[in-house]
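The structure comes first, and the description follows.

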Amino acid sequence: MDRILPGIHGGYLIILVRHADMASELQVFLSIVIIVITVIIIVNNLLKYQVMWYITQTIVLGLLALVIGTTEIINGNFSQSQGLDFITIAIVTIAVKGVAIPAAIFKAIKKINLDASPDEQPKAFTVSVPRAIIISGILVLLAYLVVQPVLVALPPVYMNITSVLLPASFAIVLIGLYMAGTTRKVYGQLIALLVMENGIYFATVVSCIEIPAMIDIGILFDIFAAIAILVMFLVAINKNFETIQVNRLNELKE
Amino acid sequence: MLIPPVLTGIACYFMKSKKRVELVNALGACVEFAVVLIFTLPALFESGYEFTDGIWYLDALSAYFIILISIIGSLACFYSINYMSYELIEKEIDIPRLRNYYLLVHEFIATMIFVCITQNLAVMWIAIESTTIVSALLVGFYNTKKASIEASWKYMIICSTGITIALFGIIIMNLNSTTHLSLADPFSALNWTTLHDQASLLDPALLKLTFILVFVGYATKMGLVPMHTWLPDAHSQAPTPVSAMLSGVLLNCAIYGILRYHEIVIAAGIKIGGLGFSNLVMLLFGILSLIVATPFIIIAKDYKRLLAYHSIEHMGIIMVGFGVGAAFGALFHILNHSLTKPLLFFGAGNVQHKYKTRVMEQVRSMGRIMPLTSIVFLLGMLALVGTPPFSIFMSEVLILNTMIVQSNFIIASLFFGSLVLIFAGFTTHAGPMIFGSYSPEPMVTIEATTTGMTMEQSVTHEKSLEIKNVSKGEVSYANLFIMSILLVLIFVIGLTLPDFLMSIIKQMSVPFSL
């Protein structure tokens, strides 16, 4: 019982991660939540809700980073400063991905009046719910089949988290690719890219490595600039083409 | 090296009049070139020269790529002066957009140099992504045209997606090095020199996964089949000087990225069936690109798209070269392609301004209308499809030679067959463009085809030229001068490969040779 008592040390989260089993269970649970949100994004119709779910996914990722960072400090794999760096980077990432990028997209939605008449617009992803679940399931399975055998050579410290969850992050990247390939709307490609970027951040978190802050922020800035420019082009496409469907972008066919 | 282009770009942005912008642009281009030469020449000529600093890095290979970027970048800046003034006269753009253009062009050069002077693989990723960002803005420069917006969207989304996959590879590489190597600090976990030195300690399975992911990512940027779909669109829609840079040197940046990983994989000694793992991947994608690009070259209708498909073909050739271990030929081919392709794009820019179309069928009798441009253009085309004595022929033969020495006959025949077909494609395209006449509306009689052009026909021909509003005369002699510099370079290199160049390339090719 003495383990549940030290509330002064830092609340419920610490109590959870003090139990190694519970901590890893929590990590697995959060990862499953992340994958489920990806599927929800596929079957969703409107960009507005997709971005909402994307924000949720990002926040869950941040939570996961917090849990892993704390666990690693307590387990002694991270020094205090390393762990703090890890968590700081997580907070900055969430700020950019969860706030700045959605803000840019919402601004664009307002500008081009995207969701004005949802009934007339075709779905961004023409995937039914069962099919989305089946395909995502297959992709997750594939990711585990491909990546997990590769991870057996890792030192035992990494076996708990990394070997279990790194394939999941690869699965998210694969699902993002699948989305990019099947979407019928231009903004669907944007969402797919965002999901893939989240998959990448997921991978950084679960591989428990400390990437130097400068590099991380550089990568983040690059991604943000890319998304900002894509949003700009999205507005331009809407203005010039009067449509945002991929199959109507056919000025450049052979 | 990064400072001059960045500053020039900013200075161009703040200049008021057109004259001043152009002056700053020209001066900046000269300074950029000079600074690059000062820093890189020691790296090229002193064997074993290495400058390392944790983040910055310079050796012969990076110097080679940087000099190419700087040559083509500066020439494109000079070419832009005439090209953009013409666009200004045609009211395609206005002065603020002209300033934007020069700002972006110089930043583009800076980001490309940035790719080649970094030691850290993640920083290299950042640099490659930033080239995409800046050049996407340049591709979508005419942002009121549908096609141009579509091209830049496609470019941006495909390249960002591809390069995201490469980032996943880099994370796995980081995991690999932190768990298997003894590192001084976390920053060196992605220093490729460290990785290269301790490559044998890396876990081979993870390294293989990394290479595949990074290769797919950077090959997207390079335009290898099947991730090539953005390339013809972006190259045909961008302003011509930008197309020249995209094709001539931006693709090289992606090659440079792949080569650094290639070195690590070679040092780790991962082999499959006697052939290096990375070699095999490169060979596969290279030959696929070469084969797929061929029919597109033959059926192309738009001459800028034709040149873009040629880029895919040449990237394929370079990858095949590295794949079979003909590193000397491949590195030499990089140089030749980088010099030849901008020459043709510059020529294409002149043609576009004269005929105001990019459709090849509407471009006829160039030989009569602008004789000098068409001579340079024709020679450039001949060089591009691999006609002796131009330098591309030399490097192609070197690569083919290696294959035959290894008795790799299947690959050799595929390679050679594609090149022959591409040559045939060239004759059907360039011939009519330069020597052909507009076919008059009534079908050409059999008599006319056998006896050459009849009186009646040539009259209709002159008329159709008048209708098309194409006047005789060259577009610009300054641009012709820029083109002839490149032409002379490829001609001289093709005839007599200078000794110093030979020793430089030989020295660079050592780590990649089988």
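## Helix axes

An axis here is a line fitted to C-alpha atoms, for a helix over the stretch in contact, and angles run from 0 to 180 degrees between N-to-C directions. Helices (H or I, at least four residues) are DSSP runs, numbered from the N terminus.

This is a predicted model, in which local features need pLDDT of at least 70 and side-chain atom pairs count only at pLDDT 80 or more, while totals for chains, interfaces and linings use all residues. Residues are numbered from 1 along each chain as its sequence is written, chains are lettered from A and ligands numbered from 1 in the order in which they are written, and side-chain values use heavy atoms, with hydrogens and water left out.

In chain B, the axes of α10(B) and helix α11 (residues 277–299) cross at roughly 140° and come within 8 Å. Contact (heavy atoms within 4.5 Å) involves B:I258, B:L259, B:H262, B:V265 and B:I266 of α10(B), and B:F277, B:S278, B:N279 and B:M282 of α11(B).

With helix α12 (residues 303–323) of chain B, α10(B) packs at an angle of about 20°, the axes being 11 Å apart. The two helices therefore count as roughly parallel (angles under 35 degrees; over 145 is roughly antiparallel, 65 to 115 roughly perpendicular, and the rest oblique). Residues of α10(B) in this contact include B:S243, B:S247 and B:L251, and those of α12(B) include B:K304 and B:S311.

## Residue B:S243

B:S243 lies in helix α10 (residues 240–268) of chain B. Is B:S243 buried or exposed? B:S243 is buried because its relative accessibility is 0% (buried means under 20% relative accessible area, exposed over 50%, partly exposed in between; 1.4 Å probe, protein chains only).

The side chain of B:S243 reaches the backbone oxygen of B:A238 at 3.4 Å. Apart from neighbours within four places in sequence, B:S243 is in contact with B:H235, B:A238, B:K304 and B:F345.

## Backbone details in loops

Most residues other than glycine have a negative phi, and most peptide bonds are trans. A cis peptide bond joins B:V225 and B:P226, with omega about 5°; B:P226 is in the loop between α8 (204–222) and α9 (230–237) of chain B. Another cis bond, also with omega about 5°, joins B:P388 and B:P389.

B:K91 has a positive phi, near 65°, and is exposed, with a relative accessible area of 70%. For B:K356, phi is positive too, near 55°, and this residue is exposed at 52%.

Note on methods
Polar contact = N/O pair within 3.5 Å; in protein donor to acceptor, adjacent residues only side chain to side chain.
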